[in-house]
Amino acid sequence: MAESKSSVLIVGAGVLGASTAYHLITTSPTLDITVLDRTPFPPAPAASTDINKIVRADYSSPFYADLAYEAIEAWRTWPELRDLYHQTGWLLLSEQGNETAERNRKVFRDRGHDPTSDVTLSEIESDPRWSSLLSGADLKGFKDAYWNPEAGWCEASAATAAMMQAAVNKGVKYVCGDVSSLLIDPDNKAGGLRGIKTSSGAIHHADKIVLATGAWTSSLMSPLEDQLSVPPDARTETQVTAAAVCVTHYKLTPPEMSGLSTSKMPVIVYGENGEAIPPPSENQLLKFTNSRSVKNTITTSSGAIITAPPSAEYADQEVVPKKLQRDCLDRIAGRVMPLFTAHKEPAFFRLCWDSFTPSQDWLLCAHPDPRLRNLFFAVGGSFHTYKFLPTVGKYMCKVLSGEGNGEVMDKAWGWKKSGSAGRGAHEATVPTRELSEFDD
């Protein structure tokens, strides 16, 4: 009788799920690998399903700067991704008292390669690469800016789909289904999940199960944690918070597209307020991401307090409360792009939900509870992970194999003791507001 193959089930086909599937089948082609998501890829809703995302190595942490340069090299060279990557540069405006820009540039200098150059406030108002967008911008409180020609952006939905298609081409199975529960066998003395049950009643078994479920992770885990009587300080909610940023899209006219062609317009980061990302030619949508996030705290039927995306009415992520829309527009039209948006209405808004960790490090690890010995997490995008699509999965593979990634990475990406955190990658995105504050 033929010996059955070892199996891995990855729940979630976003950036972390797709990358893990790709690297797992590449390094372990004899594994039986299945990806489960509620929709065909690219998944929806998901933070990874978007018109574009920023790709840059500008980090105040040498750790993530090194990882970002590794990812950028893949964006530049991989056949599956290189045509979806646009190295347009980025302009980062610095507010008085904010040292993020200087910390970023120190990391570059310490690496022996600093691609950045100074930009004065007067140059911001005159340089044709960005002056049309920032014409009339309120620059009070800003000290200067810097330009990095090595940064850029990618076509996110297409890249997510390309990564998953490459994994499928290598032998990964892709299954559609909406997870209804995580199943544990109370009689299994060795511990571990028995499988994943979907809303259709289907049960998917695997030797190892990876939750790459982003903002939905805590809500999926909560019923299981109730069943196992996991105390509050040991629950998944201590590791990841479901948070969302409001994204505003403007449809550009042909003359506007010509003036802001992707070969000219860089990514523009308006301090801690948000970013303008160039319009992809296929949809002509200029995207502005508000960096101030919101969370949605709920109390479950068991009394557990968790965060989760709202249910049915927010399923497509394009239902955004009017008050939150106005909050975003006050920043865009009032401060950042007042003249550009004076006669333009947004095409649509979107709530982009992601899982946010206290330290803004990924959570790439096994569950610490021995009763869940075959359960792993690949979550914690914290609004800065998309750029690592080509490479993050190789690190998750080492977690699954038991090899690990070394002391520094394993500590950064491991399960944290309650209350442990640190300086994050983008501290302005820490969710301090509740979505309910913006109820219409």
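Two notes on method. The model is predicted, so to speak with conditions: local features need pLDDT of at least 70, side-chain atom pairs count only at pLDDT 80 or more, and totals for chains, interfaces and linings use all residues. Residues are numbered from 1 along each chain as its sequence is written, and side-chain values use heavy atoms, with hydrogens and water left out.

Let's start inside. A nonpolar core here is a set of buried Ala, Val, Leu, Ile, Met, Phe, Trp, Tyr and Cys residues joined through side-chain atoms within 4.5 Å. Buried means under 20% relative accessible area, exposed means over 50%, and partly exposed is in between, with a 1.4 Å probe and protein chains only. The largest nonpolar core has 58 residues. Trp-75, Leu-364, Phe-388 and Trp-413 touch the most other members. Helix H2, residues 62-77, gives this core its largest share, nine residues. Helices (H or I, at least four residues) and strands (E, at least two) are DSSP runs, numbered from the N terminus.

What does Trp-75 touch beyond its neighbours within four places in sequence? Its contacts include Val-55, Leu-81, Tyr-85, Cys-154, Tyr-386 and Pro-390. Contact means heavy atoms within 4.5 Å. Another core lies apart from the largest one. That core has 26 residues, among them Leu-91, Trp-147, Leu-252 and Val-336.

Now the sheet. Six strands form an open sheet, in the order E9-E2-E1-E13-E23-E22, with mixed pairing. Two strands pair if DSSP finds at least two bridges between them. Which strands stand at the edges? They are E9 (173-176) and E22 (363-366). Each has a single partner strand, so one side of each is left without a neighbour in the sheet. From one strand to the next, the twist averages 20 degrees.

Look at the E22 end. E22 runs antiparallel to strand E23, residues 375-379, and four bridges join them. Leu-363 has Val-379 in E23 as its bridge partner. Helix H1, residues 15-27, lies across E22 and E23, and also across strand E1 (7-11) and strand E2 (32-37). H1 runs at about 160 degrees to E1. Axes are lines fitted to C-alpha atoms, for helices over the stretch in contact, and angles run from 0 to 180 degrees between N-to-C directions.

E23 has another helix against it. The buried residues of helix H7 (217-227) include Leu-220, Met-221, Leu-224 and Glu-225. The buried residues of H7 pack against E23, and also against strands E10 (179-184), E11 (193-198), E13 (208-211) and E20 (305-307). Just after H7, Ser-229 takes a positive phi of about 55 degrees.

Next, Arg-350. Arg-350 sits in strand E21, residues 348-356. Is Arg-350 buried or exposed? Arg-350 counts as buried, at 7% relative accessibility. A polar atom of its side chain lies 2.6 Å from the backbone oxygen of Ala-46. The backbone oxygen of Thr-49 lies 2.9 Å from a polar atom of the Arg-350 side chain. Thr-49 is in the loop between E2 and strand E3 (53-55). Thr-49 is buried too, with a relative accessible area of 18%. Its contacts beyond four places in sequence are Pro-42, Pro-43, Ala-44, Ser-157 and Arg-350.

Last, charge pairs. Side chains of opposite charge can pair when their charged atoms come close. A salt bridge here is a side-chain nitrogen of Lys or Arg within 4 Å of a carboxyl oxygen of Asp or Glu. How many salt bridges does the structure hold? It holds 17.

Asp-66 and Arg-111 meet at 2.8 Å, N to O. Asp-66 is in helix H2 and Arg-111 is in the loop between helix H3 (100-110) and strand E6 (117-119), so the pair ties together parts 45 residues apart in sequence. Asp-66 is partly exposed at 41% relative accessibility, and Arg-111 is partly exposed at 36%.

Asp-226 pairs with Arg-235, with the closest N and O atoms 2.9 Å apart. Asp-226 is partly exposed at 29%, whereas Arg-235 is buried at 12%.

Arg-433 pairs with Asp-327 at 3.2 Å between the closest N and O atoms. This pair links strand E24 (433-434) to helix H9 (322-336), with the two residues 106 apart. Arg-433 is buried at 7%, and Asp-327 is buried at 19%. One network remains: salt bridges that share partners join Asp-50, Lys-53, Lys-287 and Arg-350.

Note on methods
Polar contact = N/O pair within 3.5 Å; in protein donor to acceptor, adjacent residues only side chain to side chain.
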